[in-house]
Amino acid sequence: MANEDYVEGGIETSESYSYWRKVFQRLKKHKIAMVSLWFLVILILMAVFAGPLSFGNNPYSYIKSVPWAPRPELAPPGPGHPLGLDNMGRDAWSRLLYGGRVSLSVGFICSFIGAAVGLFFGLISGYFGGITDMLIMRFTDFMLSLPVLPLMVVLSSVIKGSLWTIIFVISIFSWMGVARLVRGEVLSLKEQEFTEAARAIGETPARIMWIHLMPNSMAPVIVAATLAISGNIIYEATLSFLGLGIRQPTPSWGNMLNGAQTFMLTAPWLMWWPGIAILVTTLAFNFLGDGLRDALDPRLYR
Amino acid sequence: MEKEVLLEVKDLRTYFYTEDGVVRAVDGVSFTIHKGEVLGLVGESGCGKSVTSLSIMRLVDAPGKIVGGEIIFKGEDLLKKSEEEMRKIRGSEIAMIFQEPMTALNPVYTIGDQIMEAILTHQDVNEEEAKKQTIKLLDLVGIPDPEKRFSEYPHEMSGGMRQRAMIAMAISCNPDLLISDEATTALDVTIQAQILELMKDLQRKIGMAILFITHDLALVAEMTDSVAVTYTGKIVEYSDVRSVFKNPHHPYTYGLLESIPSLLSERTKEPLPAIEGMVPSPYRMPKGCHFNPRCPFATDICRKEMPELKEVEPNHLVRCFHPVNVKEEVS
Amino acid sequence: MRNYLIRRSLELIPVLFAIAFVSFWLVSKMGDPFAVLVLNPHVRPEDIQRLRHIWHWDDPLVVRFWYWLKDFVWPRQGWGLSTLAPGQTALQLISRRIPVTIAFSSTSLIAAIILSIPLGVYSALRQYSVADYILTFFAFFGMSMPTFWFGIMLIYLFAVKLHWFPAAGYHRAFFIINGVPVMFDKAPRWMQFLDEAWHLTLPIIVLTVFQVGGWLRYMRSSMLEVKSMDYVRTARAKGLPERTVIYKHAFRNAVIPIITLIGLSFPGLIGGAMITETVFAIDGIGRLTYNAVMSQDVFVAMALIMIFSILVVIGNFLADIFYAVADPRIRYS
Amino acid sequence: MSEFKDKKIILEVKNLKKYFPVLGGVFSRPVAWVKAVDDVSFHIYEGETFSLVGESGSGKTTTGKTILKLHEPTSGHILFEGKDISNYSPSEMRPLRRDMQIIFQDPYGSLNPRLPVGEIIREPLAVHKIGTKKEQEERVVEIMKLVGLRPEYLHRYPHEFSGGQRQRIGIARAVVLNPKFIVADEPVSALDASIQAQVLNLLLELQQKLALTYLFIAHNLAVVRHVSDRIGVMYLGKLMEVADTKELFDNPLHPYTQALLSAIPIPDPDVKKERIILQGDIPSPINPPSGCPFRTRCMYAKDICAEKTPPLVDIGDGHYVACHFVKKGGKVEYSKS
């Protein structure tokens, strides 16, 4: 048996590798996803260090005068104000940076809440089945057949307010996809015998869900959550654009565009940057999500 | 009695170029099928037997590629034919049945539709005639109530019935060669017996040759005239069925025959003489003879060189430096 | 199949009922529809009381909901008074504005289907080709583009800068025919139609791009998956021409899941239509919703949410039926 | 004749039934029942291997899993070491799981792909809180050696192993708690021919070393013949025949058993045996034939077979047959109809 060339036990590599490392290796081959990942890292760093990057400006303060324009309101870009000033005479660049903080936070937090709630419902529904499953799935279907945006508009006009209100409003509508996904995944995992093996050992349902079902249904959740970030950023921007999301004076990419149509002729640069920021960010999250899908599910990528 | 050669596969090589390396799924396989003969291709999973059959049909999907060899069918090399010429051969001169009758049939079309399609493609008949033929075929393969079954969907049938439908489809154009790729593996024993009986019966009636691919040695003993035993993409033993079973020369064939529990064996509840180890990974083939790490007779030369497929007795080819000889023990 | 249809239809009732109640409760929280009247010095407090009574606004929520629902299903009172357009009932207001929304959103829905399915198939068949990469990029672009901003950009480029299309509205107020101004309503039908089409081109593009990306990607991956199925191999083994293999055997199976996806995308379509109407100032029911919410026009908002819900539910229902028709495995279960 | 006659019965199954609902109709209510296991009774002696054989839909796997309460029995009794466990709740079952274990068919699906092998084998010890973590790890190493796995592979993941090795991992997980009774559910049917023998040998070796009792479930009669002491033949949720291995193969009395035996291919080209080819398909367990479930394919079927379900009766020496035409002492009265 002591043959050097023969590898016993089907072990092919000299060192063991975990699932997630293999996934990351596959992701690394996905160029556009990696570019997106790096772009997002830079973007997040910019949002975190918005203060030092603002050239001493503050997103809230009225700039009294600029030398290159008669009035500070809607002044075009110039030294120290690379993106010009908005209609209230505030520095657009620093608002863009701070707005990124808001938009990214909303995207991440809503997506996290959505994934967590969806995961919870999906696991319970799929594992227990029967009446529990029926009630949860009926509720999920019900939520899915709501006209989301009109209701979001109504909701945010009923509970006016802060960043957390918006997060709440968006999160309510962002868990159903994950719940259905996880339920489906759990149903097929339940068919596999390791769940049955766990029951045969005497494991409790909670432990089975925690140790066996959740880690094995994580892959699609991660993909869905990543893709959901871009959706949530767009929801926030849309609500803020309509004047129902993040309220002035707090900047967000969406509310910076509120009224952009009005100043389209006089200050078109004001509508460029927040829009481009939203577009490239959501594009990056979508590419990353797609790359993750391929990395997590190599079946589709032969 | 020399029969006419129908198919001659010479040194066929089909490799898969995967992310993790090149897999030599079929690596220099040669065999001959005469008219009306049944050749068994037997081996464990991953020995390249299915890829061989797909190569003959030229249906190997990317990342697989036929990289060498000849497939001479009725005197012409199939590998030199255009896609259009090949298409005309598929289903009419060479037909194929697969392991999973559930997934091999299209779920959204009726059984009848799918069989008729083959007839309409290869024969110059109208729909009415094709339908008549289809119903006749369904009846021939033993599907009761063929008129009704004609318009049923695959999911409405049992596994055995689906496999009968697959066979009906395969024989619809009277092929000269039928490739049966693990056609009874997914079926129950009593249903398997029915399907095998049907295949034998049809083979006698139509006179077609069969390339019978399976992992089950017992089926080979029952169905075939000659046998090629494959291991890691290469043929290790090739002869007529009696010779292989009664007088196996390759340690792998010998070991396999010894290790499978049989209804004839006298010893039960005793350890079986098992072959140690396992089929090597396609990415890490052992040096020399691929079987050497598992072989009780392996010597230094086996660890260095790959043996050739040689004739050890008339019409009995073996790929081994130290062929076993058990003839004395048997008779 | 019949059982399935009956079951699906029966399921609609509680869902719609629940949607109606939840949205009614939510919209009621938005404000008091008669609050505006309080500020009006010409309206006496007794009249406000009377109005409240007529519309059951002094009853508990559940009772009020019951009367409202009765009125919605059997509109004797016209779904309540609009405060946005004084003197009009919500029903009158909405029914006048519904055609334009349906016209341009169904046009873009059909356009999106017609574009995404063939392009998705093409992309899958030419996997890793230049065309595939271009289509993929286009699809991602569509998926990532914020609708409202895309609308603004199109207005800026094609209306403000190039003057090819109008910036707002869905028809002009009047035509000049032979030097004489003719009101829109009086103009010949074909002129009306051409003018509307011209106005709605940009909105339709916005809404189509909004939908097409996701479907294209989905169609592509569905086709890729089906292409490697056993039955496709069987079809090839039968010697069928490649066209038949792809378009008869693979396509039919690949397109089935898309039907569900399209059915599920109705809520998104409504949201997209709402944004597009708002950006392009089209007087459809999407913009009306926004205006109703902003001006606390409770009756109009309530009716609109209900209509949207019905549309979504019907969309899902139709998708389920199409699905069952397309897939015999469902049809007979 | 049976040397197990005076032995202790470890498990007894009495009139076990397990029906699964088929949902349908307008309200998704059960419209029919899959009678997966329909009134099955047998017993298993301590230290023996009792096998259940049958084709798909015969309910052999369901029987095994119901005995372990992985399915709730619809009715009937399961007596493990004399205790009726058929109504035990999951928490009442938990301590019993140390004594009753299962080996699964699918070497790929039965191991959690996200857990390293050491953790998979340690899991039962952790669940039952046996020993400290260090003791548990020592036990894992010991068991890995016992089943022929290199202990160095402790931290590897299941996907790094071949099918045969994975099956060893599954066996290690089943024996780590030192159980008395193991349900082996088709343990070798997913394995390659050359690996099957290795795993069968391991199972036989463990049985001797650890004094295990097996309920062995398989469809391959040759394998079953090799490992079992006694065999029960199932068809459509019912037991057709139960006998000692040798007796069953030498003297099959039920027409179904005879057909089944004759359907097995023999790996010898010289043996050309007379085949009994059964006509027709296995009926659906949703709507099984009345009376004897085998009558639709039985060449001896008479009117009585449709009217009355033949009971499983002892015809002597622990040979049980469920056929109207097989009488005490093995007298056979069937004739072709």
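Modeller: Of the contacts in chain A between residues at least 6 apart in sequence, 71% join residues at least 24 apart. This is a predicted model. Chain A holds twelve helices and zero strands, so that its pattern along the sequence reads α-α-α-α-α-α-α-α-α-α-α-α. Chain A is more spread out than a compact globule, because its radius of gyration is 24 Å, well over the 19 Å that the globule rule gives for 302 residues. The C-alpha trace of chain A spans about 85 × 55 × 30 Å along its principal axes. Of the 302 residues in chain A, 56% are buried. Carbon and sulfur atoms account for 68% of the accessible surface of chain A, which comes to about 12700 Å². As for charge, chain A carries 22 positive and 19 negative side chains, and the centres of these two sets lie 11 Å apart.

C:Asp297 is buried, yet has no salt bridge. For C:Asp297, the nearest side chain of opposite charge is C:Arg97, 9.2 Å away; a salt bridge would need a side-chain nitrogen of Lys or Arg within 4 Å of a carboxyl oxygen. Setting aside neighbours within four places in sequence, C:Asp297 is in contact with C:Leu81, C:Ser82, C:Thr83 and C:Leu84, and also with C:Met30 and C:Ala292.

Note on methods:
Residues numbered from 1 in each chain as written. Chains lettered and ligands numbered in written order. Predicted model: local features only at pLDDT ≥ 70, side-chain atom pairs only at ≥ 80, totals over all residues. Heavy atoms only, no water. Helix = DSSP H or I, 4+ residues; strand = E, 2+ residues; numbered from the N terminus. Rg over C-alpha atoms; globule rule 2.2 N^0.38 Å. Buried < 20%, exposed > 50% of the residue type's maximum accessible area, 1.4 Å probe, protein only. Contact = heavy atoms within 4.5 Å. Areas by Shrake-Rupley, 256 points an atom, 1.4 Å probe, with all protein chains shown as cover. Lys, Arg positive; Asp, Glu negative; His and termini not counted. Charge placed at Lys NZ, Arg CZ, Asp CG, Glu CD.
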